[in-house]
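Please look through the sequence and the three-dimensional structure that follow, and keep both at hand while reading.

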Amino acid sequence: MTPGRAERLVHLEVLPARPATYADWPAWAAPVVVAAWRRTGVDRPWLHQRQAADLLHAGTHTVVATGTASGKSLCYLLPALTDITTTRGGRGQRGRTVLYLSPTKALAQDPLSRLHELAVPGLRATTHDGDSPPEQREWTRDHAEYVLTNPDMLHRSLLPAHHRWSRFLGNLGYVVVDECHHYRGVFGSHVAQVLRRLRRICAAYGANPTFLLASATMAEPEVAARRLTGLDVVAVTDDASPRGRVGLAMWEPPFVSMAGEHGAPLRRSVTAELADLLTDLVLEGTRTLAFIRSRRGAEAVALNARRLLEETDPSLAEQVAAYRGGYLPEERRALEEALRDGRLVGLAATNALELGIDISGLDAVLLGGFPGTRAALWQQVGRAGRGGEDALGVLVARDDPLDTYLVHHPETLLGQPVEATVLDPDNPYVLGPHLCAAAAELPLTTDGLWLFGPGARAAVDALTEAGLLRRRPRGWFWTDRRRAADLADIRSTGGSPVRLVETGTGRVLGTVDPASAHGTAHQGAVYLHQGESYLVESLDLEESVAMVVRADPDYSTSAREVTEIRITDERRAEEWPAGRLSLGGVQVSHQVVSFLKRRIPGGDVIGEEPLDLPERTLTTTAVWWTLTDEAVARSGLAGADLPGAAHAAEHASIGLLPLFATCDRWDIGGVSTAVHPDTGQLTVFVYDGHPGGAGFAERGFETARSWLTATREAIAACACVDGCPSCVQSPKCGNQNNPLDKHGAIRLLDVLLG
Ligand SMILES: [Zn+2]
Ligand SMILES: [Zn+2]
């Protein structure tokens, strides 16, 4: 072992094996469906499967939130297929129908093959997506009993053309919302409105389907399920499936240089640590999959591990490979095959490919950084040890505050989940377009508006005022010539992305989202693309194009941004002994005013150039906390230290919110100030980065004490002296991470939390 290596293992937790708990098949289940499961090797259901199936059969809306490989599909297929087969007419005419929704088209393929394997006699199941040819669509509408589709198709095709689907929808018995933890943030809010439109249309045809939601393990699944469907939902969370012993190791790379911003210490890269760990495991013949975020990371891990193995035994190097996007399907299948039969022992893969990999029964899984959610972590670790074998998972911390917190608090990943899937169906920016779409489907009526939430009436009035809806005696009508469904882009990215185009060749190097274009693609910015550097010559915001030229400047650039925040309304508040916690509406204005040139290497600032870019404003939801002047005095911090202390607390709290709400730290922003004009006190804001809000700030308000305690712990747990990327420095800071006061942040949070 390299000297000091043992200290990198911060914690090792071994979860004991769990035996399965079985139940009997319910008496109501159709014998032909039970026989189908038996044929595929399922002799009896697990207890949670029986519980969920019973609830659904009784017409109770249910969410099943259990681990990977816990047989969630049986929970809904047993009642759904029973319903289909027992309501068919004498000559096989269609009786009740089932609609299955997966977050993407690709994710419907596995459930469809599972149905084919089950081979329930006479079952007419099919997918309905953008690729389905017209003849198939027609057959699906008239004959299919079990239709697998996605929210996009429901929104754009099935609901607007509901007249043609009236028989299918009028007989709908069940709606299955699979992998429902994907429906979070703004996307989740859109899907919530699509499901309300579906319920309304079904009701118009006399159907009142039972909803089943399947989810990864999460906090309060019934709350997320209720927000998503608008219905009261019962949760089944006791996983009765068997599991082997699982070891989960927490690994923190050591500090190796002082080359960070403002001389901050930097940790050894996750890529280098993963390559070492992969090498050791391959030397012992342990079949290992290493997950890392980027393609280049996956290539680098595989390459470095091969180099290290070559030093020991050249033949071993052949046992390691990379698995990333861009390979042909045959190449990927060949790699999977080689790993299965033992020719390959180690594979480095990108996180994004997780769902596509057809490999299980590995011995160990390495994770290059927390994959964003606890559910994703256990899904990746679950690749090892299937079929009751022992498994090892190693989480290698990246240098951000969330990873720092997790490796020092593994109980967060092991105990009751704290992360919840959040969304905000009441977001007016989301609601408005769906009300238009709903009105185009069937006129909106006063007594039907409750379905769309408390803000629906005000929104309908505003749409009428704007001339989008027309009020008539029978309700509100959509009379515009456009397709109403086109108004809602349910996978919205907030405008068209800015393309980076090479001058002369016209080659498009890549795109950046419009919100970050000001900061990364402004005139004079150095843009990195696949290891090559380019200089931005011009940014045309109207055309969404930045022209770039190949260049090798001896500096990097970083934008300086001025952010201001104004409170528009306070919706909820709690008095705390040292201050006040609030949730409400805010208006955030950003303006990129200049950029700094920093010498490479070293990072010294060698120049600053002004920029003339317009201000952008965002109307959204924020959570904020204030400290009274007495409390600030109690912290013992001098006035000059307050801005840095508040700023550091803001950064770390943004880093930690994704632990409680399934969001990315790029989904949220923050502002901190020693005295804010609207509160007159020291104030730290964290806001949703999407117009109207996405539910993240609200979740922060609801979990504030745990969230801010975790924030304090993350800062305190970091071994650096004055702040670094693992605790208070942020890669998205518009103020160049200046000022930041790590110790001051701890003192402020201590006073706030009492
Ligand atoms: Zn640190
Ligand atoms: Zn900052």
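**Aromatic pairs**

At 0% relative accessibility, F685 counts as buried, where buried means under 20% relative accessible area, exposed means over 50%, and partly exposed is in between, computed with a 1.4 Å probe on protein chains only. This is a predicted model, in which local features need pLDDT of at least 70 and side-chain atom pairs count only at pLDDT 80 or more, while totals for chains, interfaces and linings use all residues. Residues are numbered from 1 along each chain as its sequence is written, chains are lettered from A and ligands numbered from 1 in the order in which they are written, and side-chain values use heavy atoms, with hydrogens and water left out.

The structure holds four aromatic pairs; rings of Phe, Tyr and Trp (for Trp, its six-membered ring) pair if their centres lie within 6.5 Å, and planes under 30 degrees apart count as stacked, over 60 as edge-to-face and the rest as tilted. One of the pairs joins Y183 and F187, whose ring centres are 5.6 Å apart and whose planes stand at 55°, so this pair is tilted. Y183 is buried, because its relative accessibility is 0%, and F187 is buried too, with a relative accessible area of 16%. W624 and F685 form another tilted pair, with 5.6 Å from centre to centre and 40° between the planes. W624 belongs to strand 27 (residues 616-627) and F685 to strand 29 (residues 682-688), so the pair ties together parts that are 61 residues apart in sequence. Helices (H or I, at least four residues) and strands (E, at least two) are DSSP runs, numbered from the N terminus.

**Nonpolar cores**

A nonpolar core is a set of buried Ala, Val, Leu, Ile, Met, Phe, Trp, Tyr and Cys residues joined through side-chain atoms within 4.5 Å. The largest one here has 85 residues, and those with the most contacts inside it are L395, W625 and L627. Its largest share, eight residues, comes from helix 21. If neighbours within four places in sequence are left aside, L627 is in contact with several residues, among them A578, V632, L682, L748 and L752, where contact means heavy atoms within 4.5 Å.

**A covered helix**

Helix 15 (residues 401-408) is mostly covered, since seven of its eight residues are buried. These buried residues are P401, L402, D403, T404, Y405, L406 and V407, and they pack against several elements, including strand 1 (9-15), strand 9 (246-251), strand 16 (391-396) and helix 21 (642-656). At the N-terminal end, D400 caps helix 15, with a side-chain oxygen 3.1 Å from the backbone nitrogen of L402.

**Two zinc sites**

The zinc ion (ligand 2) is coordinated by H647 (NE2), H651 (NE2) and C733 (SG), at 2.1 to 2.3 Å. Donors are N, O and S atoms within 2.8 Å of the metal (3.2 Å for Na, K and Ca), and water is not among the atoms, so sites may look incomplete. Along the chain, the donors of this ion follow the spacing H-x3-H-x81-C. H651 lies in helix 21 and C733 in the loop between helix 23 and helix 24, so the pair ties together parts that are 82 residues apart in sequence. H651 counts as buried, at 6% relative accessibility, and C733 counts as buried at 15%.

The zinc ion (ligand 1) is coordinated by C718 (SG), C720 (SG), C724 (SG) and C727 (SG), at 2.2 to 2.4 Å. The angles among its four donor atoms are 98 to 120°, and the site is tetrahedral, a term that requires all angles of four donors to lie between 85 and 135 degrees. Its donors follow the spacing C-x1-C-x3-C-x2-C, and both C724 and C727 are buried.

**Backbone exceptions**

Most residues other than glycine have a negative phi, and most peptide bonds are trans. N737, however, has a positive phi near 55° and lies in the loop between helix 23 and helix 24, where N737 is buried at 3% relative accessibility. A cis peptide bond, with omega about -5°, joins N738 and P739, and P739 is found in the loop between helix 23 (704-717) and helix 24 (742-753). E179, in the loop between strand 6 (172-177) and helix 8 (185-204), has a positive phi of about 50° and counts as partly exposed, at 22% relative accessibility.

Notes
Polar contact = N/O pair within 3.5 Å; in protein donor to acceptor, adjacent residues only side chain to side chain. Tetrahedral: all angles 85-135°; square planar, octahedral: opposite > 155°, others 65-115°.
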